[in-house]
Amino acid sequence: MSIFQSLIKKEMLHLLRDFRTILVVLVMPVTLLLLFGFAISTEVNNVRIVAVVEQHTDETKEMLERFRNNPSFTFEGTVSPGEAERLLRKGEADAAIVFRTKNGRLSHQIVADASNTTMAQTATAYLESVANSNAAGVPIVSRTLYNPQLKSAYNFVPGIMGMIFILICAMMTSVSIVSEKETGTMDLLLVSPVRPGTIILGKLVPYFLLSCIILALMLTLGYTVLEIPLSASVIPVIGISLLYIVLALALGLLISTLASTQVAALLVSGVMFMLPVVLLSGMIFPVENMPRALQWFSCIIPARWYIEAVRVLMIQQLPASSVRAEILVLAGMTLVVLALAIKKFHAKR
Amino acid sequence: MNARTLTALLRKELLMMKRNPIVPRLIVAMPVLVMLIIPLVATLDVKDVGVAVVDNDRTELSRRMVADMEASEYLHITGCYARHDEALRQMENGRADVIVSIPEDYQKDWTSGKKPRLAVEANGVDAMKGTLGAQYAARAAARSLTQWQAERGIGLPAAESNTMNLYNPTLNFRNYMIPALMVVLLIIVCGFLPTLNLVGEKEAGTIEAMNVTPVGKLEFVLSKLIPYWAVGLLIVTVGMLIGWLVYGLVPEGSVGSIYLAAILFSLVMSGLGVAIANRSATILQSIFVMFAFIVVFQLMGGLFTPIASMPRWAQGITYALPPRYFIEIMRAVYLKGATPADLAVQYVALAGFALLLSLAAAATYRRRD
Amino acid sequence: MNKETVLSVKDLTKRFGNFTAVDRITFQVMKGEIFGFLGANGAGKTTAMRMLCGLSYPTSGSGTVAGYDIVRQAEEIKRHIGYMSQRFSLYEGLTVWENLRLFATIYGMPARQIRERSDEVFGALGMKDMRNALVKDIPLGWKQRLAFTAATLHSPDIVFLDEPTGGVDPATRRKFWEMIYKASSEGMTVFVTTHYLDEAEYCNRISIMVDGQIKALDTPAGLKEEYHATTMDEVFRTVARNAKRPG
């Protein structure tokens, strides 16, 4: 067995021995994927509404029937104005629709709990479309492209992948290298005749393999459980993910040369990478909604480019040529970070 | 419980906190970062929906529809195209979210009493933006059409309708976000930091030195928690000041009910933190476990994405997550002026969790093996 | 033996699952004595000591420390003992004085007495200029002497030292033992574990633990005579010859 192989074997054993590490490494991606896939969504369904009717007529009766039968709403009944206000305040209803009949003509007012703006906007849009559906009678054919079932999971999966690889590659690699520095075993290896490059590769390869396993796991789960269409784009998705994994490993290496304690490495990778990935990469919040300065700032976050590219490939099913810019940016970042990390590593000795 | 011992231990904690290279900076930087950056970023407002129009009609009516969409505060027109695939290209490169296609002879057909169809296509990649955007576009088009018909005396006049947005009339997403963000601060200050501190003493071996002294369990744990409780309340205060000075947001309800919730939630988090610390031997272990809790708390507690959007089973799980109640209280007090009486359920739930987790913390704390 | 007994245990046992760390040990320690607790690494010294200090429940057996029962009155025992562990256990982020003040206050010493006693000790040790240095910045030998001071400032009946002099040179170790002698001459009982055999010579009596059991117990001179040896090293090798646990 060569030195390189034995180094990798040592690292693998070390990785697999700690039960909690395995738990975090394998269970967390799956849990996040399933949570986002099934539990967390930004779409609004199930708006709880109440109606206030000043004067019951056939028209209001017909209107209430329409709300009752619409699957987007949970119709909680007809109440008095005071009761409606109380329910809104306590958060037990999201919107109230008030019907008035004046001069024989029905008018309505939508009162929404706008403390949750998204809910209020959507509820208003839904209510308007139901209430007006016979008035003007504009025939409109609607259809949705790319994600016809409108699953927000489709939108989240690339984000989760972007986050997990940073977590596994950057965070765990840096912590593992720094812990060897703390215990002094790194010095032991460095004074041995093994070349430093070999030592570092021996550290990185196991995490690279682990990331490949996770990638396979996520893609399989995405395809089977979340039913993300992958057939056409699987090769480019894997390709760009591998590039991103290498970039994340390089980041981990860079952090490990900067931090001197495990906790510092954790905080640095947590504050510098995890938070920006969650907040600024477009994973949950669309980049184009951010102020200009932050949009510029988000350009230096690798996950932003990765997530954008995977969305285009995976959801829009466009060919790899349409993400050329993202691939170039990621490749460029990888080279720069790798060069910096190697330079720092040599400077340390 | 010995007051003199507690004072001595507290003095020790404060001295060490002051000399720690990271903690004081974290305490200052975190509220500022969280309160200033996240509200800028975390917005799910659907504004600025890009609409690509395929106008095959090119009449007064079709141009009027385009102009009305452009005038809507939520929509902007990325361009009018002669062919559908040109508009599709706009969507593929992410400029357009919605394609509205106006068929040939649209105006003529309406005039002659037919009912031609308008096609609205939404980009489903961002499901929420796509759906809402399509609705806005359809509404704008419908409004143009009814007006146009009314002017010509055809069709029915539209029913009168208006909308009233209670509690947050400008529909500002930040007003929704800011009160809830304090949860992020308290989770870190009252949950994460004491855990790191306790496990740190375990790793350093000083906890054993304390265990052979007459210092009681209660005094020792209290000396760990009181400083972070104080810092937690301080940070909530700073958060409220930032909300007021930067965003002009003041609570509609009483400040007292905010502090009451903050105190209860601090107790919840510190109980959880101590229990995790008791069960962990190394800093790394405790961080992993704490991290898992933080991810679930922040993603499922209703902070960034509404609980109401979750499926029933997932909503069921959120009842077991203390941050859910804290977030509900903060939003209701801040925006709706709700009183503790209105929110009795949430307060009682938080108090229950605080009691339960404190008991769990006490039960798992072992001075003797 | 008409001296007062400070510590006495009978058939004290600690099991972790199938592993018997401490196996029915029985012994007494007299007031003012320096009692050495010898054994290879893993022989069960630290486990035994943790039971005596109330840090660990015995699986079976009984005993008293400073007149209190080690099973039921652990909290009372803690008021009357001092303890210094092999892992250096002062707060690195506090100064020398802050550490002393903290531990003395915990043991209920009045503020004035703390100041007087610590000034006295700093003077005796020549540590006056280190008073306000952070503990993490002072050399290991000083840290050990400081930890001993912190464990004894409140004049406990008995002080437990768990391998107190690990990792320092013989000269520094000797200085540490001078402190032990001084405390002992003032009537304090000293219970010390060590695996340095030269240190064993400094004790009044020593016990040698092998595989969780006490295999020999006498004065250093008595042991040498019994095992026909000239040094403690030989005694120890003879006693530990049949040890099963790896050292």
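Trainee: Which residues in helix 2 of chain B meet which residues in helix 7 of chain B?

Mentor: First, the ground rules. This is a predicted model, where local features need pLDDT of at least 70, side-chain atom pairs count only at pLDDT 80 or more, and totals for chains, interfaces and linings use all residues. Residues are numbered from 1 along each chain as its sequence is written, while chains are lettered from A and ligands numbered from 1 in the order in which they are written.
Now the definitions. Two residues are in contact if their C-beta atoms, placed from the backbone, lie within 7 Å. Helices (H or I, at least four residues) and strands (E, at least two) are DSSP runs, numbered from the N terminus.
Here, B:V23, B:M30, B:P31, B:V34, B:M35, B:I38 and B:P39 of helix 2 meet B:R174, B:M177, B:I178, B:L181, B:V184, B:L185, B:I188 and B:L193 of helix 7. By class, that contact has 14 nonpolar residues, no polar and one charged. The classes: Ala, Val, Leu, Ile, Met, Phe, Trp, Tyr, Cys and Pro are nonpolar; Asp, Glu, Lys and Arg are charged; the others, Gly among them, are polar.

Trainee: At what angle do helix 2 and helix 7 of chain B pack?

Mentor: Two packed helices are described by the angle between their axes and the distance between the axes. Axes are lines fitted to C-alpha atoms, for helices over the stretch in contact, and angles run from 0 to 180 degrees between N-to-C directions. Helix 2 (residues 23-41) and helix 7 of chain B pack at about 160 degrees, with axes 9 Å apart. Helix 2 of chain B is therefore roughly antiparallel to helix 7 of chain B. The cut-offs: under 35 degrees is roughly parallel, over 145 roughly antiparallel, 65 to 115 roughly perpendicular, and the rest oblique.

Trainee: How do helix 7 and helix 10 of chain B cross?

Mentor: The axes of helix 7 (residues 173-204) and helix 10 (residues 255-279) of chain B come within 8 Å and cross at roughly 30 degrees. So helix 7 of chain B is roughly parallel to helix 10 of chain B. This crossing is right-handed. The contact of helix 7 with helix 10 of chain B has 14 nonpolar, five polar and no charged residues.

Trainee: What is the strand order of the open sheet in chain C?

Mentor: Strands of a sheet pair through backbone hydrogen bonds, either parallel or antiparallel. Two strands pair if DSSP finds at least two bridges between them. The open sheet of chain C has four strands in the order 2-1-4-5, with antiparallel pairing. Strand 2 (19-30) and strand 5 (68-69) of chain C stand at the edges, each with a single partner strand, so one side of each lacks a neighbour in the sheet. Strand 1 (residues 5-16) and strand 2 of chain C pair over eight bridges. C:L12 has C:I25 in strand 2 of chain C as its bridge partner.

Trainee: How many residues of chain C are in contact with chain B?

Mentor: 23 residues of chain C are in contact with 19 residues of chain B. Helix 3 of chain C gives the most to that side of chain C, with five residues.

Trainee: Which chains share the most contacts?

Mentor: Chains A and B, of the two pairs of chains in contact. No contact joins chain A and chain C.

How values were computed
A crossing is left-handed if the near helix is turned anticlockwise from the far one by less than a right angle, and right-handed if clockwise.
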